[in-house]
Each structure stands twice: as structure tokens, then as C-alpha cells.
Amino acid sequence: MPRGNTSGTPTIAPHYTFRNTQFSEELRLASDMDGPLNFMLGGFFQDGKYVNRVRLRGNTAFGLPALLQNARHQIDIKTYSLFGQGIWDMSEQWQLSGGARWTDETRKHSEFNYFTSQNVNLLVPRIKSSNISPEFTVSFKPREDINLFASYRQGFKSGSFNTIVFIDDK
């Protein structure tokens with residue numbers, strides 16, 4: 001007959017303490033000239049830190065240690081971005097715009113093992129991403145209260161680290 005945990009008590013229980021500290025700022029400069037051409041320029045900065053304290057508790061009634069895992073993961077993030085857009089009012093009803101955003105991001109991951117009281121040597125402690133994302137939009141305004149548009153935009157999402165799963169090297 002198979003054996004297993006049929007009680008309401010878990011065999012393993014995760015306990016996470018997550019902290020997220022962020023500072024970000026985006027500044028934009030937009031023109032409002034009388035002619036058909038206008039522009040928008042801007043920049044973005046982000047300085048962030050994620051700290052994830054991971055404790056994996058074992059149920060001693062099943063012969064497991066009371067604490068299977070005890071670690072702290074930290075991810076430091078620095079992001080810089082510059083962007084611009086040109087806007088052309090072709091007529092009262094038609095508008096064409098296009099631009100791009102350049103993004104540069106660095107993420108650094110560190111891990112501390114409380115069992116060994118040492119930092120863990122990670123295979124990939126740093127990820128650096130750089131990208132240029134274009135965008136184009138055509139707008140048609142047949143009436144004052146209706147605006148129809150079609151856009152092409154390419155988004156960007158950098159990679160990151162898994163701070164939940166880790167194998168202890170006790």
C-alpha cells in the first residue's frame with residue numbers, strides 16, 4: 001500500500017520575506033510648435049533592489065530537519081533609457097509619428113547561505129541587456145470625438161533571476 005502524507009500538516013513549508021526598494025524617474029520634453037512638425041525627447045532612470053529571504057521548513061514528524069534551506073537572494077538593478085519621437089501633422093485629420101527607445105539594464109544577483117555563513121558562487125551573477133525598440137503610429141481623426149489609429153511597437157523586457165528555487169550546499 002502506498003504511503004504518503006494524508007494529514008492536513010504539510011511535509012515542507014516555504015517561508016519567504018520579500019522586500020522591494022525602487023527609485024525611478026522619467027523626464028520628457030515635448031514641443032508645441034505652430035508648424036506641422038513636433039517632437040518629444042526623454043530619459044528614464046531606475047535604481048532598484050529586491051531582497052528575498054528564503055526559509056524552507058521541514059516537518060520533523062516525517063523525519064525531516066526543521067530547516068531545509070536558509071538563504072538570502074539580492075538583485076540590484078540599474079536601468080538607463082533615452083527615447084525620442086517625431087510627430088508630423090500631415091493634415092487636420094492625419095498624423096504620423098515615429099521614434100525609438102534605447103534601454104540599457106544591468107542586474108546583479110548575490111546569494112548568502114545562512115547554513116554555511118558564506119556567499120554562494122553563482123554561475124551567472126550578472127545579466128546585462130541593451131535594446132533599441134522602435135515605434136510607428138498613423139492616426140486618422142474623421143470627427144472631433146473619434147480618433148482611429150494603427151501602431152507598430154516593439155517592447156522590451158530584460159531577463160532576471162529565479163530567487164525561489166535553489167539547492168543548498170550544506
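Author: We begin with the names of the elements: helices (H or I, at least four residues) and strands (E, at least two) are runs assigned by DSSP and numbered from the N terminus. Residues are numbered from 1 along each chain as its sequence is written, and side-chain values use heavy atoms, with hydrogens and water left out. The model is predicted, and for that reason local features need pLDDT of at least 70 and side-chain atom pairs count only at pLDDT 80 or more, while totals for chains, interfaces and linings use all residues.

Reader: In which loop is serine 117 found, and is serine 117 buried or exposed?
Author: Serine 117 is found in the loop between β4 and β5, the latter being residues 118-119. Because its relative accessibility is 52%, serine 117, in the loop between β4 and β5, counts as exposed.

Reader: What is the phi value of serine 117?
Author: Most residues other than glycine have a negative phi. Serine 117 is a residue other than glycine, yet its phi is positive, with a value near 55°.

Reader: How much space lies in the largest pocket?
Author: On a 1 Å grid over the protein atoms alone, a cavity is a set of points where a 1.4 Å probe fits but cannot get out, whereas a pocket is an open set with protein on both sides within 12 Å along at least five of seven lines, and lining residues have an atom within 4 Å of a point. Grid points are joined across faces, edges and corners, and a volume is the space filled by probe spheres set on the points. For the largest pocket this volume is about 420 Å³.

Reader: Which strand gives the largest share of the lining of the largest pocket?
Author: The lining has 24 residues, and Ser81, Phe83, Arg101, Thr103 and Ser133 are the ones that lie nearest the centre. At least two lining residues come from each of β2 (37-58), β3 (67-89), β4 and β6 (126-143). The largest share, six residues, is supplied by β4.

Reader: How many salt bridges does the structure hold?
Author: Side chains of opposite charge can pair when their charged atoms come close. A salt bridge is a side-chain nitrogen of Lys or Arg within 4 Å of a carboxyl oxygen of Asp or Glu. One of them joins arginine 107 and glutamate 105, at 2.7 Å from N to O, and both of these residues are buried. The number of salt bridges in the structure is eight.

Reader: What separates the closest N and O atoms of arginine 153 and glutamate 135?
Author: Arginine 153 is exposed because its relative accessibility is 56%, whereas glutamate 135 is buried because its value is 12%. These residues form a salt bridge whose closest N and O atoms are 3.8 Å apart. The pair links distant parts of the chain, 18 residues apart, from strand β7 (residues 146-153) to strand β6. The separation of the closest N and O atoms is 3.8 Å.

Reader: Which residues are linked in a network of salt bridges?
Author: Arginine 28 forms a salt bridge with glutamate 26, with the closest N and O atoms 2.8 Å apart. Arginine 28 is exposed because its relative accessible area is 54%, and glutamate 26 is partly exposed because its value is 31%. The network links Glu26, Arg28 and Arg101.

Notes: Buried means under 20% relative accessible area, exposed over 50%, partly exposed in between (1.4 Å probe, protein chains only).
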